Amino acid sequence: MNKALEDLLDLLDLEQIEEDIFRGESRSALVPRVFGGQVAAQALVAAGRTVPADRPAHSLHAYFLRAGDPGAPIVYTVDRIRDGRSFTTRRVVAVQHGQPIFHLSASFQTYEEGLEHQTGMPSAPDPETLPTAAEMLPRHLPSHVAERLVEARAAVDLRYVDAPPWASVGQPREPRSQVWFRTNGKLDDVDNSANHTVDSLLHVCLATYVSDMTLLDSVLLAHGRGGWAVGDVVGASLDHAMWFHRPFKADEWLLYDQESPSASGGRGLGQARIWTQDGQLAVTVIQEGVVRVPR
């Protein structure tokens, strides 16, 4: 396990300051605000800490309300909306400087047998045949930008199947992208005491963290824009939804298959599916974000 992954796990290990109230730290991102995937993952940790371990998360719905301040802690307040026989619902509000910056609703369910089917997994090359971010990014970005991007994503081994948006500026492409990802280290030795996230919740929260990294790339591809890394668009996440269909491990290869069906009104929509390497549909993700061309 590398140092960046250890630091990320520390970020997800929230401090409980009162019943149903937790505090998390932040770290600098590529832009002068808290990375949205971090806030979403921490909020899901807070919700999960109030739910029995035998009820894994099956969905979340969230809104990004204000830009987070990376220099200040974030307080997460959990509202225990419902504890039913099969389902548990939690609402989380993330607050900084006295103002809400993020809302999340999450649902958890006890395991049960039921109808079973899934669509087929799309084709994709073996992730081990693809270049790492450290190998690929310097080919397409100025060295100082590539270094910052590699550092920001160092906890995750993320490999693009095709060239990312900043590698094809001015060349519109099909609004679809694929990346393989896994944590940069195994999670078998993570401490699962009362002060740490339990196994299933940890893997789900890590996937939530990664899900905000590349989902709007497909919007950029449709218009030949390089995105936030090269500054030819201004963007931010607006809302985010995830459905967790089947168990998975975030330290094993996962295929993030993403596309954009629409962009309008200064907003772009991304939708995606996350697959295990053996073809199991694990997660569905939908996100809308602000995507504006600077004047």
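This is a predicted model: local features need pLDDT of at least 70, side-chain atom pairs count only at pLDDT 80 or more; totals for chains, interfaces and linings use all residues.

A: Residues are numbered from 1 along each chain as its sequence is written, and side-chain values use heavy atoms, with hydrogens and water left out.

Buried means under 20% relative accessible area, exposed means over 50%, and partly exposed is in between, with a 1.4 Å probe and protein chains only. Strands (E, at least two residues) and helices (H or I, at least four residues) are DSSP runs numbered from the N terminus.

S12 has strand S9 (residues 234–244) as an antiparallel partner, over ten bridges; two strands pair if DSSP finds at least two bridges between them. In this pairing, Trp243 stands opposite Thr284 of S12. Strand S11 (residues 267–276) also pairs with S12 in the antiparallel sense, over nine bridges, and here Leu269 stands opposite Glu288. S11 and S12 make a hairpin with four residues between them. Gly279, in the turn of that hairpin, has a positive phi of about 95 degrees.

Not counting residues up to four places away in sequence, Arg246 touches Glu116, His117, Gln118, Gln280, Leu281 and Ala282, where contact means heavy atoms within 4.5 Å.

Next come the cores. A nonpolar core is a set of buried Ala, Val, Leu, Ile, Met, Phe, Trp, Tyr and Cys residues joined through side-chain atoms within 4.5 Å. The largest nonpolar core has 67 residues, and Leu44, Tyr76 and Phe102 touch the most other members. Helix H5 gives the largest share of this core, nine residues. Leaving aside neighbours within four places in sequence, the contacts of Leu44 include Ala57, Leu60, Leu104, Phe108, Leu201, Val204 and Thr208. A second, separate core of seven residues includes Leu130, Val161, Trp253 and Leu255.

Helix H1 (residues 3–12) has Ala4, Leu5, Leu8, Leu9, Leu11 and Leu12 buried. Seen down the axis of H1, these fall within an arc of 155 degrees, so they line one face of the helix; the arc is that of the directions from the helix axis to the C-beta atoms. The buried residues of H1 pack against H2, strand S8 (176–183) and H5. Exposed Lys3 and Asp10 are carried on the face of H1 turned away from its buried side.

H5 (residues 199–214) also holds Tyr209, which counts as buried at 3% relative accessibility. The structure holds four aromatic pairs, one of them an edge-to-face pair of Phe35 and Tyr209 at 5.2 Å centre to centre, with 85 degrees between the planes. Rings of Phe, Tyr and Trp (its six-membered ring) pair if their centres lie within 6.5 Å; planes under 30 degrees apart count as stacked, over 60 as edge-to-face and the rest as tilted. Phe35 lies in the loop between strand S2 (21–24) and helix H2 (36–48), 174 residues from Tyr209, and the pair thus links distant parts of the chain.

Most residues other than glycine have a negative phi. Asp20, in the loop between strand S1 (15–18) and S2, has a positive phi near 65 degrees; at 12% relative accessibility, Asp20 counts as buried. His97, in the loop between strand S5 (87–96) and S6, has a positive phi of about 50 degrees and counts as exposed at 64% relative accessibility.
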